[in-house]
Amino acid sequence: MAKLLSTPRLLSIHFRTVTSTLSKPSSHISLHLFPLYTTPLLTLRSIDNPSNIHRNFSVSAFDTKNDDVSSSSAEINGDDNAKSSAKEDQYPSGEFEFEEYGAWKSLVVKFRMLFAFPWERVRKGSVLTMKLRGQISDQLQSRFSSGLSLPQICENLMKAAYDPRISGVYLHIEPLGCGWGKVEEIRRHILDFRKSGKFIVGYAPACGEKEYYIGCACQELYAPPSAYFALYGLTVQASFLGGVFEKVGIEPQVQRIGKYKSAGDQLMRKSISDENREMLTALLDNIYGNWLEKVALTKGKKKEDIEHFVNDGVYQVERLKEESWITDIKYDDEVMSMLKERLGIQKDKKLSEVDYRKYSKVRRWTLGLTGFKDQIAVIRASGSISRTRGPFSSPGSGIIAEKLIEKIRSVRESKRYKAVVLRIDSPGGDALASDLMWREIRLLAESKPVIASMADVAASGGYYMAMAAQAIVAENLTLTGSIGVVTGKFNLGNLYERIGFNKETISRGRYAELTAAEQRPFRPEEAELFAKSAQHAYTQFRDKAALSRSMKVDKMEEVAQGRVWTGNDALSRGLVDAIGGLSRAVAIAKQKANIPQDRQVSVVELSRPSASLPEVLSGIGSSLAGSDRTLKELLNDVSSSDGIQARMDGVMFEKLGGAAYTNPLFMLIKDCLSSF
């Protein structure tokens, strides 16, 4: 196909979302939508190449098994559910069990603490404090990064559970911009931390559904008298450009394969289609139902009572306290005073605290949480998929296929690792890149077990990668699937006529002008070729998915057609194998590598991202505008969008999927407006 002119995340275009024709001479848009935590014990090893740092996790599976959430979809077949449940039961749960150190191990840990580096020293009786807010990356962050990292959040909670110097944890929970998969993982680690017997207290000055989902997992949750609580429910939005294009004289010419492929709708329609409404309603019902069920279970209430409370539109903090949604109403300083009293600290003394960043420097080796023979590699793939690094991309921004393939090959050739966990958090991207990585993952899986672990999103190109693994583990609320095809181009003839612009084309070859002539619609033979190309692309992806999942093509067709599923629904339809977090993926990897579940292993995180200049500047106190970040992301997607793409449909989730996969163009406008 000709070059793709795109800004991602509004509509799915050949595996990707595309919205405009910025900075490209052709207006063709190819719309193909093709479509790990474990346990205690990790150590930081120094190696010769500082840009390729390995982190060793020693693990015995650090996870709590998810409660099943009943699906809202009427399509689920009882037999399929039973088969899926039976298959899932074959895999270990990876549930975390806290084990107290014996006398000898405690002595070793105290000795190591005595000779620890200065930056690892923590006062005895300290409280670990963490502020959870904004975006949370699934990648390990460099020390210069100002953002939060899910692996480091989970690691800190795990280390604090075993660290004799830490008395408890104090979480500041503020509005989050991540998806529900990461929220589920954080919540699981909070519940696991509580098994240590130490306290974990939450403080929520501004709280929505995601924030409360995490906060209610704490033993206690406090809020100030003026707190903003907005537990009003969840929404999902779909945007349509049909009316805009009509006004400016642009005619989208779209071939859609898959009745749930909504990218074409976003280009051509002015309102939502019945199929798209059905899909989004099912996603919303799953996520909302899971939230009601988990909150009800945590608070010891009936699900109907939780829903009634939400529908009452409660905003008064006093009523939240009266009905036991929060523990008490206190300002931050009052909570700190309470913690001092609990720890027996005099009022005139200061509470000893250690924050997220400082505590991240404490090595697991110091706490005796590493040093095991068997090793499992964790390869993280996060962000949009590109085949090569673009001119505007920074190290660690998105999935660069050629770099990831090098890493996969090195792991395949190494005898050090007994198994691999591929951690995916991606809405997709370049189709060719996705296929090349699929091939390498398949080759890797022939030499050692490979387990895919899904975070917020593993759809389209993200699912393409995952299906090459021997088993797929997803969170209940992971967005996945999206196996479908849309292809098209813009006819700008009316727009050119309105603005007095003319374009003449001289060509050789019957189809030379297929995507080059944006000043006119398709000719009949061009439209036919375009349709055949779309059907061929869809067939290739669907058949490869069927092969990878050991399903009949007809069965795969039923769950493909561009539909996005939550992890729970994907399990019942055979698209994933088990529900859980990274630790369950590690437990399954141990099982397939014939490593006993009670034997601890070292999980090695491969290639920590190097710090970029913006991260360094941000780390030393400079404030980088949000519009700069969004513009950089937008330009990078435009510059690397040649060829067929494999991205999940660009649905704008309001309080549902977070801002991580919304349209950068819209985000840029929002950032610019917010600066006035």
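This report covers a sheet, aromatic ring pairs and charges over rings in a predicted model.

## Basis

Local features need pLDDT of at least 70 and side-chain atom pairs count only at pLDDT 80 or more, while totals for chains, interfaces and linings use all residues. Residues are numbered from 1 along each chain as its sequence is written, and side-chain values use heavy atoms, without hydrogens and water.

## Sheet

Six strands form an open sheet in the order β14-β10-β8-β7-β4-β15, with parallel pairing. Its edge strands, β14 (328-329) and β15 (353-355), each pair on one side only. Strands are DSSP runs of E with at least two residues, and helices are runs of H or I with at least four, numbered from the N terminus; two strands pair if DSSP finds at least two bridges between them.

Strands β8 (residues 199-203) and β10 (residues 220-223) are parallel, over 3 bridges. Y203 stands opposite Y222 in β10.

## Aromatic pairs

There are 15 aromatic pairs, counting rings of Phe, Tyr and Trp (its six-membered ring) with centres within 6.5 Å; planes under 30 degrees apart are stacked, over 60 edge-to-face, and the rest tilted. The W180 and Y213 rings are edge-to-face, with centres 5.7 Å apart and planes at 75°. W180 is in helix α4 (residues 180-194) and Y213 in helix α5 (residues 209-215), 33 residues apart. Both are buried (under 20% relative accessible area; exposed is over 50%, partly exposed in between; 1.4 Å probe, protein chains only).

Y464 and F541 are stacked, with centres 5.0 Å apart and planes at 15°. Ring pairs also link F96, F98, Y101 and Y162 into a cluster.

## Charges over rings

R112 lies over the face of W365, 4.3 Å from the ring centre, and K544 over that of W438, at 4.5 Å. The criterion is NZ of Lys or CZ of Arg within 6 Å of the ring centre and within 35 degrees of the ring normal.
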